[in-house]
Amino acid sequence: MASSVMIDARVGGHVAAHHPLGTSTGHLVELRGQWDLLVRRALDVSTLAVELAALSEPEFLSLSAWLQTAERELPFRFLSVHAPTKDRELPEDELVARLCALPPAVDAVVVHPDVIEDPAAYAPLGRTLVIENMDGRKATGRTAEELRPFFDALPEAGFCLDVPHVGSVDPTLAIAHELLDAYGERLRHLHLSSVDEGCHHVPLTPQDEELFAPVLSRCRDVPWILEADLPAR
């Protein structure tokens with residue numbers, strides 16, 4: 001089965017040729033919490049991979065309940081959930097317990113290192129846990145060295161390479177290669193888009209796609225998740 005993105009002329013050669021390719025629901029702000037509609041929009045992009053982004057704790061609680069609905073079936077071959085990064089009130093161990101209770105169909109749970117208080121608390125997630133590198137606005141989690149304490153404490157955790165996050169820290173993308181050198185064996189998927197001056201995800205530009213190509217060529221064996229709308233025709 002081919003991804004619908006792969007035959008969409010709005011995506012250039014480096015990306016369109018990748019398999020599997022999917023999208024995140026995080027940029028669909030107007031549909032936040034409406035999981036049936038969000039999944040339909042994601043399926044318009046790809047039937048192969050998706051990231052259901054619960055960026056706030058209330059969103060996560062609604063997503064968790066939605067995923068537990070009886071006979072809930074999703075067609076994606078790869079399903080990640082982005083754990084909440086804001087409006088968090090649950091104690092960390094309770095949040096982790098709820099993340100562990102997500103259905104077996106969830107292949108990955110993406111967590112931002114800057115919101116981790118106690119790395120050891122996330123150990124019960126095992127290989128499902130995936131730690132994402134941060135953008136230039138954050139105080140930690142941006143480089144291989146800043147991520148090392150998290151991966152040392154969580155030997156089973158995977159890695160999500162956010163390519164535009166690297167670009168916001170280092171326009172040469174040398175840090176991306178350092179991250180892959182250090183954690184490439186942990187790579188489970190990557191995030192892909194362009195970013196604006198405020199580090200907000202925007203549609204991937206042809207210029208960035210070309211710039212990112214050497215990094216993307218090292219990530220052929222994992223799903224690529226688009227974190228913005230497809231480019232306008």
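**Strands, helices and buried residues**

Me: Let's start at a bridge: which residue in S5 is the bridge partner of Val 111?
Reply: Happy to, bearing in mind that this is a predicted model. Strand S4 (residues 108–111) runs parallel to S5 in their pairing, which extends over three bridges. In S5, the residue bridged to Val 111 is Ile 131.

Me: And on to S6: what stands opposite Val 130 there, and what is the hand of the crossover from S5 through H5 to S6?
Reply: S5 and S6 also pair in the parallel sense, over three bridges. Within that pairing, the residue of S6 facing Val 130 is Gly 158. From S5 the chain passes through H5 to reach S6, and this β-α-β crossover is right-handed.

Me: Which residue in S7 is the bridge partner of Phe 159?
Reply: S6 is joined to strand S7 (residues 187–192) by parallel pairing over four bridges. For Phe 159, the bridge partner in S7 is Leu 187.

Me: Stepping back, what do the eight strands form, and what is the average twist from one strand to the next?
Reply: The order is S1-S2-S3-S4-S5-S6-S7-S10, with parallel pairing, and together these strands make a closed barrel. Going from one strand to the next, the twist averages 25°.

Me: Is Glu 132 buried or exposed, and what is its relative accessible area?
Reply: Glu 132 belongs to strand S5. Setting aside neighbours within four places in sequence, its contacts include His 82, His 112, Cys 160, Asp 162, His 165 and His 191. Glu 132 counts as buried because its relative accessible area is under the 20% cut-off, at 1%.

Me: How far apart are the C-alpha atoms of Glu 132 and Ala 105?
Reply: Along the chain, Glu 132 and Ala 105 are 27 residues apart.

Me: What is the relative accessible area of Ser 80?
Reply: Ser 80 sits in strand S3. Apart from neighbours within four places in sequence, Ser 80 is in contact with Val 50, Glu 51, Leu 52, Ala 108 and His 189. Ser 80 is buried, with a relative accessible area of 0%.

Me: Why do the buried residues of H5 lie on the same side of the helix, and over what arc?
Reply: In helix H5 (residues 144–153), Ala 144, Leu 147, Phe 150 and Phe 151 are the buried residues. They are on the same side of H5 because the arc they cover around the axis is only 115°.

Me: Which elements do those buried residues of H5 pack against?
Reply: The face turned away from the buried side of H5 carries Glu 145 and Asp 152, which are exposed. The buried residues of H5, in turn, pack against strand S5 (129–132), strand S6 (158–162) and helix H7 (174–183).

Me: Now H2: within what arc do its buried residues fall?
Reply: The buried residues in H2 are Trp 35, Leu 38, Val 39, Ala 42 and Val 45. They line one face of the helix because, seen down its axis, they fall within an arc of 105°.

Me: And what do the buried residues of H2 pack against?
Reply: On the other side of H2, Arg 40 and Asp 44 are exposed. The buried residues of H2 pack against S1, S2 and H3.

Me: How are H2 and H3 oriented to each other?
Reply: Trp 35, Asp 36 and Val 39 of H2 meet Glu 59, Ser 62, Leu 63 and Trp 66 of H3. The two axes come within 11 Å, crossing at roughly 80°. That angle makes the pair roughly perpendicular.

Me: At what angle to S2 does H3 run?
Reply: Helix H3 (residues 57–67) lies across strand S2 (49–53) and strand S3 (78–82). Relative to S2, H3 runs at about 130°.

Terms used
Residues are numbered from 1 along each chain as its sequence is written. This is a predicted model: local features need pLDDT of at least 70, side-chain atom pairs count only at pLDDT 80 or more; totals for chains, interfaces and linings use all residues. Side-chain values use heavy atoms; hydrogens and water are left out. Buried means under 20% relative accessible area, exposed over 50%, partly exposed in between (1.4 Å probe, protein chains only). Helices (H or I, at least four residues) and strands (E, at least two) are DSSP runs, numbered from the N terminus. The arc is that of the directions from the helix axis to the C-beta atoms. Contact means heavy atoms within 4.5 Å. Two strands pair if DSSP finds at least two bridges between them. Axes are lines fitted to C-alpha atoms, for helices over the stretch in contact, and angles run from 0 to 180 degrees between N-to-C directions. A crossover is right-handed if, with the strands pointing away from the viewer, the path from the first strand over the helix to the second runs clockwise. Angles under 35 degrees count as roughly parallel, over 145 as roughly antiparallel, 65 to 115 as roughly perpendicular and the rest as oblique.
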